[in-house]
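Please look at the sequence and the structure that follow, and keep both in view while you read the explanation below them.

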Amino acid sequence: MATFNKLEDIIAWQKAKFFCLELKQLFPTFLQKKEFEILNQLKKSSGSVMDNIAEGFGRMGNGEFKHFLTIAHGSIMEAISQLSRSFDWDVISNEQYKHFKGLADEVQRLVFSLINHLIQTELKGVKFK
């Protein structure tokens, strides 16, 4: 895995951003069904993924990056749970659930892979050079 020079180089962050943007398609459905609370939770958890990847990267040390990636991983798992609940409550369709669950699963795999890479690398980060 290459060294990241800027946030936009991180594929996990790119995919997390795409996931957030795609979720906007669901907002009218949640609003129409007056499911404001779960919509708010889904917006926060999905945004937390990309925000924590960014914050961890910005700390310029692998230890802190790993820490924030674990928070991002927890947030994407939370978003997956909220999507599941939304489907169970008939807020979103099976097709919508499968689409967004697939996007979230991809983000989860990328974040998890990045954590594992940082665990295995001997590099300590920019601030330790």
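Which residues does S86 touch, not counting residues up to four places away in sequence? This is a predicted model, in which local features need pLDDT of at least 70 and side-chain atom pairs count only at pLDDT 80 or more, while totals for chains, interfaces and linings use all residues. Residues are numbered from 1 along each chain as its sequence is written, and side-chain values use heavy atoms, with hydrogens and water left out.

S86 touches F30, I38, V91 and I92, where contact means heavy atoms within 4.5 Å. S86 lies in helix α4, residues 62–88 (helices are DSSP runs of H or I with at least four residues, numbered from the N terminus). Because its relative accessibility is 0%, S86 counts as buried (under 20% relative accessible area, with a 1.4 Å probe and protein chains only). F30, leaving aside its neighbours within four places in sequence, is in contact with E35, I38, L39, L42, S86, V91 and I92.

Turn next to helix α3, residues 36–58, whose axis comes within 8 Å of that of α4 and crosses it at roughly 160°; axes are lines fitted to C-alpha atoms over the stretch in contact, and angles run from 0 to 180 degrees between N-to-C directions. The two helices α3 and α4 are therefore roughly antiparallel to each other, a term for angles over 145 degrees.

The largest nonpolar core has 34 residues, and F30 is among those with the most contacts inside it; such a core is a set of buried Ala, Val, Leu, Ile, Met, Phe, Trp, Tyr and Cys residues joined through side-chain atoms within 4.5 Å. Helices α1 (11–23), α3, α4 and α5 (94–120) each supply at least two residues of this core, and the largest share, 9 residues, comes from α5.

Notes. Buried means under 20% relative accessible area, exposed over 50%, partly exposed in between (1.4 Å probe, protein chains only). Angles under 35 degrees count as roughly parallel, over 145 as roughly antiparallel, 65 to 115 as roughly perpendicular and the rest as oblique.
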